[in-house]
Amino acid sequence: MGMIKSQKEIIEISKMAELISRLLQKSLSWVSPGMSTFALDAMIEAEIDRMGVVGPCKGYEGFPAVSCLSVNDQVTHGIPDGTRLQEGDIIDIDLVIEKNGYFADCSKTIGVGKISKEASRLMSVTEECLSRGIKAAMPGNTLGDVGFAIQSHAESNSYSVVRNYTGHFIGLDMHEDPMVANYGTPHKGMELKPGMIFCIEPMINQGSRGVITRGWDARTRDGKLSSRCEHMVFITERGNKVLTFH
Ligand code: MF3
Ligand code: CO
């Protein structure tokens, strides 16, 4: 898989990124107390059909749904089920779409109704981590610079960075190599070059970074909250362009 995308690929992937951003915004607006994650996934699937695109998560290595819906201590890959959302929960909606072989991936965590100050601070810091990662994603910088920017901000707010899951390159597949870690050492790792497109998706834990994974389900070991948000970033000659929006 080419790490440097062609002009045509960049155009097509950007179109998918715009579509997924609108889909994510809609999906987030549907979140309400009392709704099951299964019902939310069904609404998202209906919208994906209406848009004339495909939700490639469904059927991917046995994953049963178009969306990954991770609530509270769930870190990622939450399988939509009968669990009803409650006021005070936080939920990460993580979506992937595909059309004509071009992929887009985007995610955001929001609160259900009124949430605690602690939950809200975790979500804000996670978004700041994403912004800092994006700022570091400059041509000539490295993946280590991106990871370091995220990790240092999370840890200076006394949160921890999940190691078990990372961001990734994207475009002609849902996950392309290399991975984009949310931790790292300045100046280490692969150098970023114009034409690269990848997802930065910090997964930040309120407590310690340990994760327990059973099948798809991934939860914090200590049962505390985890938050995540994700953008697709395109490296340009002089900087970058964030292809998705929340
Ligand atoms: N957006 C998710 C990720 O990058 C996609 C997971 S694949 C799925 O981790 F099958 F779990 F949906
Ligand atoms: Co992703």
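A polar contact is a pair of N or O atoms within 3.5 Å. Keep that in mind for ligand 1, because the polar side-chain atom of H77 sits 3.0 Å from one of the ligand's oxygen atoms. You're looking at a predicted model, where local features need pLDDT of at least 70, side-chain atom pairs count only at pLDDT 80 or more, and totals for chains, interfaces and linings use all residues. Residues are numbered from 1 along each chain as written, and side-chain values use heavy atoms, with hydrogens and water left out.

**Around ligand 1**

- Of the 13 residues around ligand 1 (a heavy atom within 4 Å), those that come nearest are C57, H77, D94, H175 and W216.
- That shell splits into seven nonpolar, three polar and three charged residues; Asp, Glu, Lys and Arg count as charged.
- H168 has a polar side-chain atom 3.3 Å from an oxygen atom of the ligand.
- On its own, ligand 1 exposes 330 Å², and the protein buries 96% of that (Shrake-Rupley method, 1.4 Å probe).

**Cysteines**

- Searching the whole structure turns up zero disulfides, meaning pairs of cysteine sulfur atoms within 2.5 Å.
- C68 is in no disulfide, and the nearest cysteine sulfur, in C57, is 4.8 Å away.

Methods:
Chains are lettered from A and ligands numbered from 1 in the order in which they are written. A polar contact is a pair of N or O atoms within 3.5 Å; within protein, one must be able to donate a hydrogen and the other to accept it, and residues adjacent in sequence count only if both atoms are side-chain atoms.
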